[in-house]
Amino acid sequence: MYVDHLQLADFRSYAAVDIALDHGVTTFVGANGQGKTNLVEAVEYLSTLSSHRVSTDLPLVRAGAERAIVRAGVRAGIEDQRRLLLELEITPGKANRARLNKSPVSRPREIAGVLRTVVFAPEDLAIIKGDPSERRRFLDELLVARWPRLAGVRADYDRVLRQRNTLLKSLAGRARGGRKPGPEAESTLEVWDSHLARNGAELLAARLSTLTDLMPQVSKSYADIAPTNNDATAEYKASADLTGATEAEALNEALLTAIRDRRSDELQRGVSLVGPHRDDIVLSLGSLPAKGYASHGESWSYALACKLGSFQLLQDDGIQPVLVLDDVFAELDTMRRERLARGVIGAEQVLVTAAVGADVPAELAGTRFAVAGGEVTRD
């Protein structure tokens with residue numbers, strides 16, 4: 001899978017961009033602030049409907065413009081030249097619109113997963129050093145890349161969680177006064193319990209399966225990158241007792257049990273305390289958790305290994321994702337740069353950004369574009 005054409009209109013710093021791409025390695029070289037990351041961010045957004053840099057759409061639209069357009073031609077593979085045209089119209093404050101082969105689709109979510117990407121950027125250091133939400137997001141993005149339909153499960157879970165939290169917040173004052181919810185409120189809460197557990201169980205099952213499949217790849221990638229202290233492991237820490245539960249049905253029962261056990265606490269605090277939104281993934285090097293104990297270099301290598309492991313896992317699933325390396329080589333020493341280059345050279349398409357072209361190893365020589373002053377020109 002690879003992108004053979006990218007067009008942008010009023011996206012980030014660009015009034016207009018129109019560039020032809022090819023499989024193999026493409027590097028965008030430019031000083032900081034010139035817009036090279038904006039190009040690969042657009043590819044990522046078409047793939048996942050989200051950005052690794054911002055949580056809202058507003059910064060994606062060029063200042064003074066009402067909307068942005070991102071359009072890309074996607075080839076099925078080097079040996080499979082079937083082509084799809086993806087397009088997104090991004091309008092802050094309104095529903096975005098998507099087209100597939102120039103035909104509108106009812107929801108943008110319908111094109112999510114047509115293009116698969118794995119993105120590694122400086123912000124991914126938060127997978128190791130950041131809050132649990134960063135590790136949950138990393139794992140959820142991977143499972144959606146494996147099974148795009150789970151984007152809908154995630155959205156449904158988030159919707160149910162918001163509704164349930166609204167109800168709990170409305171009941172919190174009564175609970176603090178020592179009064180129990182009335183029969184009607186209790187019945188409504190049980191309905192939301194059921195929805196939360198059902199969607200949560202499906203999300204949990206996918207997380208547990210993906211983490212089990214992922215970690216051998218991460219461990220190997222870390223050992224290939226880091227010469228010492230390279231025993232990388234992970235443990236899923238759930239907010240419910242999942243002992244013996246791996247399938248969705250058993251996980252559903254485990255979540256319902258935990259929800260009932262925490263009922264009084266949730267009513268007192270007015271928030272949902274059980275579910276995938278409260279879980280964490282403990283990443284360790286040797287016998288110690290990476291967060292708080294790993295050095296900066298170890299943390300950076302671990303984050304990179306997580307993304308390389310994701311890339312390899314998708315390949316094992318029969319998926320050839322576009323690999324994006326956004327400004328990562330400047331953070332690596334020569335040895336790690338070379339090891340990284342050897343690990344990704346087999347990808348169908350690698351998109352690299354770099355402030356200094358010399359930072360990119362010779363093994364990744366390919367097409368280069370110079371990015372400066374809002375212009376992207378083939379070098």
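**Figure 1. Elements around the second largest cavity of the predicted model.** Helix H3, helix H5 (183–225) and strand S10 (280–285) each supply at least two residues of the lining of this second largest cavity. H5 gives the most, with four residues.

**Figure 2. Residues lining the second largest cavity.** The lining is made up of Ile-127, Arg-135, Phe-138, Leu-139, Leu-211, Leu-214, Met-215, Val-218, Ile-281, Leu-283 and Cys-306. By class, ten of the lining residues of the second largest cavity are nonpolar, none is polar and one is charged. Arg-135 is the charged one, because Asp, Glu, Lys and Arg are the residues counted as charged.

**Figure 3. The largest cavity and the residues closest to its centre.** Three cavities of 30 Å³ or more are found in the model. The largest cavity has a volume of about 210 Å³. It is lined by 16 residues, of which Thr-117, Val-118, Val-119, Glu-141 and Lys-307 are the closest to the centre.

**Figure 4. Elements and residue classes in the lining of the largest cavity.** Two or more lining residues come from each of helix H1 (36–48), strand S8 (117–120), helix H3 (132–146) and helix H8 (296–316). H3 gives the most to the lining of the largest cavity, with five residues. The lining of the largest cavity has six nonpolar, five polar and five charged residues.

Figure 5. Strand S13 covers residues 349–354 and is mostly covered, with six of its six residues buried.

**Figure 6. Strands paired with S13.** Strand S3 (residues 24–29) pairs with S13 in the parallel sense over six bridges. Within the pairing of S3 and S13, Thr-26 stands opposite Leu-351. Strand S12 (residues 322–326) also pairs with S13 in the parallel sense, over four bridges. Leu-323 stands opposite Val-350 in S13.

**Figure 7. The β-α-β unit that includes S13.** S12, helix H9 (residues 334–344) and S13 make up this unit, which is right-handed. The two strands of the unit, S12 and S13, are parallel.

How values were computed:
Residues numbered from 1 in each chain as written. Predicted model: local features only at pLDDT ≥ 70, side-chain atom pairs only at ≥ 80, totals over all residues. Heavy atoms only, no water. 1 Å grid on protein atoms, 1.4 Å probe; cavity = no way out; pocket = protein on both sides within 12 Å on 5 of 7 lines; lining within 4 Å. Points joined across faces, edges and corners; volume = space filled by probe spheres on them. Buried < 20%, exposed > 50% of the residue type's maximum accessible area, 1.4 Å probe, protein only. Pairing = 2+ DSSP bridges. Right-handed = clockwise from strand over helix to strand, strands pointing away.
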